Amino acid sequence: MYLVCRADINECSKKNGDCQHVCFNSPGSYRCSCYNGYNLTEDNKTCEDIDECAESPGICGEAECKNLLSSYECVCDTGYYYDDIEKVCRDVNECEQNFCEQTCVNSQGSYTCHCNGRGGVKLSSNMNTCEDILPCVNFAAAKSIKSLYLGRMFSGTPVIRLRFKRKQPTRLVAEFDFRTFDPEGILFFAGGHRDSTWIVLALRNGRLELQLKYNGIGRVTSSGPLLNHGMWQTISVEEMGRNLVIKVNKDAVMKIAVSGDLFTFDRGLYQLNLTVGGVPFKTKDLVQPVSTIDSHMQILNPRLDGCMRAWNWLNGEDLTIQETVRLNNKMQCFSVAGRGSFYPGNGFAVFNLSYGRCFIFHFLICSLLLFAVQFVALAVKNTVVGRVAVTVCDDQEHLVDISISKGQILLTVDGSEGQSELNNTLLEENLSVLDEYLQSSVKTYVGGLSDVPVTSTPVTAFYHGCMTVKVDNQALDLDEALYKSSDITSHSCPPIETGQ
């Protein structure tokens, strides 16, 4: 008797043949198989993941191989993407993705956003967008419409020009209230043209100086008390017979004999030019001309950070001046002012200075435009080499010292020494760059920078506040700068508002 097996049993139909992944039936048998990325174990039923990273070292090239279930992944550091053809990691240019509100700078594996501080904005805490820079203190910078600011024109040209014409002989009578902390500069000019008869009333070393030119002969005389103490005083100049009399607070401080009249007769009229805050010709044509060749020759700087009020030229015959001043805020003085230079948050001053290998900067500051974390930072080019965490956003004065010598730099604020941001090697490299620049005269910017790329320095915002600067214990007089923004006052600063 014979038994015949006519039908195959499909082992896969019951519990998948106990196969973990795939079961293949065959006549009289079956077999298990695994999905891609798995190997069949010794029991021929279960599957285990293939670790491609271990079995094929170098499968990802320079990237890191990360094993996955049934697969693997080639991973690059943040800021890079994997090139699966050349098996290398390439930099992601985040700037193409418009992450930054303003300027974006791509770097290997990263990027940085920059905001234009000269436009009054800074980088916000999310490091991508920009936000307004807000002063941490407010100044009582209100101005008086009844005052005339003499320092508005950094060029030294007059702020007011008047021309008087009379049918009858007329004598000069001028009186005004005056206030300044500035030791030097021109108050006013009266007379004809450069080669005729004229006088210039000025300050030098804080005292009145009178320059005269009569009949082609020049003279200079100086007398009286110190006037650059910031208090109001009344000054008058008057032709009295053949004398010029200058008074301070009604007391005569000069009486000079002269041999002519300031009004000159021309075309049937007696005429006088009067300019305030400067002269109508080049300062080199003053009695004591400006010269840098003769070291014994004194230099009169025409720029004067001073304030006039209650002026009276020729018995009040200048009615248009008050209206002109009233309509122009920049021609007005601070209602209240103290010593120091005021930087309003725009503009800068620039000097051409020679330092040598060792020098000390002293900054006496009243307030700063600061970020949420307050600090004073010192940078060489675009690298911060030191910083000091401080609390300077108040109504107090603070002393910032920067001492630089070969191979060493020290930053202190109110005696607290700053921390270096660099190791010794990087610090030496940056100081060598600085030392190279300091071997010749260097343009030194105070209060801000010129139109440099925002990426070239850690901070581009203009300084806002009062500041006095000394280099090697010599004060920098902003009137002596190569250039100064007209919005910066060189010798006067408004007080901080009370009640903050």
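A disulfide is a pair of cysteine sulfur atoms within 2.5 Å. The close-ups below come from a predicted model.

**View 1. The disulfide of Cys100 and Cys113.** The sulfur atoms of Cys100 and Cys113 lie 1.9 Å apart. The torsion about their S-S bond is about -80°, so this disulfide is left-handed. Cys100 sits in the loop between β8 and β9 (103-107), and Cys113 in strand β10 (residues 110-114), so the pair ties together parts 13 residues apart in sequence. Cys100 counts as buried, at 12% relative accessibility. Cys113 is buried too, with a relative accessible area of 8%. A search of the whole structure finds eleven disulfides.

**View 2. The disulfide of Cys19 and Cys32.** Cys19 is joined to Cys32, S to S 1.7 Å. The link is left-handed, with -75° about the S-S bond. Cys19 belongs to the segment before β1 (22-26) and Cys32 to strand β2 (residues 29-33), so the bond ties together parts that are 13 residues apart in sequence. Cys19 is buried, with a relative accessible area of 7%. For Cys32, also buried, the value is 9%.

**View 3. The disulfide of Cys76 and Cys89.** Here the sulfur atoms of Cys76 and Cys89 are 2.0 Å apart. With -90° about the S-S bond, the link is left-handed. Cys76 lies in the loop between β6 (71-75) and β7 (80-83), and Cys89 in strand β8 (residues 88-91), 13 residues apart. Cys76 is buried, at a relative accessible area of 16%.

**View 4. An open sheet of six strands.** The strand order is β14-β26-β16-β21-β22-β23, and the pairing is antiparallel. At the edges are β14 (147-149) and β23 (251-257), each pairing on one side only. Neighbouring strands of the sheet are turned by 25° against each other on average, direction ignored.

View 5. Three bridges join β14 to strand β26 (residues 306-313), and the two run antiparallel. Ser147 has Arg309 in β26 as its bridge partner.

**View 6. Helix α3 and its two faces.** At 1.5 Å a residue, the 14 residues of α3 (residues 424-437) should span 20 Å; the end C-alpha atoms are 20 Å apart, which agrees. Leu427, Asn430, Leu431, Leu434 and Asp435 of α3 are buried. These residues cover an arc of only 145° around the axis, which puts them on the same side of α3. An α-helix has 3.6 residues a turn, so residues three or four places apart point the same way. The face of α3 turned away from the buried side carries the exposed residues Thr425, Glu428 and Glu436.

Technical notes
Residues are numbered from 1 along each chain as its sequence is written. This is a predicted model: local features need pLDDT of at least 70, side-chain atom pairs count only at pLDDT 80 or more; totals for chains, interfaces and linings use all residues. Side-chain values use heavy atoms; hydrogens and water are left out. Helices (H or I, at least four residues) and strands (E, at least two) are DSSP runs, numbered from the N terminus. The expected span of a helix is 1.5 Å times one less than its number of residues. Buried means under 20% relative accessible area, exposed over 50%, partly exposed in between (1.4 Å probe, protein chains only). The arc is that of the directions from the helix axis to the C-beta atoms. Two strands pair if DSSP finds at least two bridges between them. Axes are lines fitted to C-alpha atoms, for helices over the stretch in contact, and angles run from 0 to 180 degrees between N-to-C directions.
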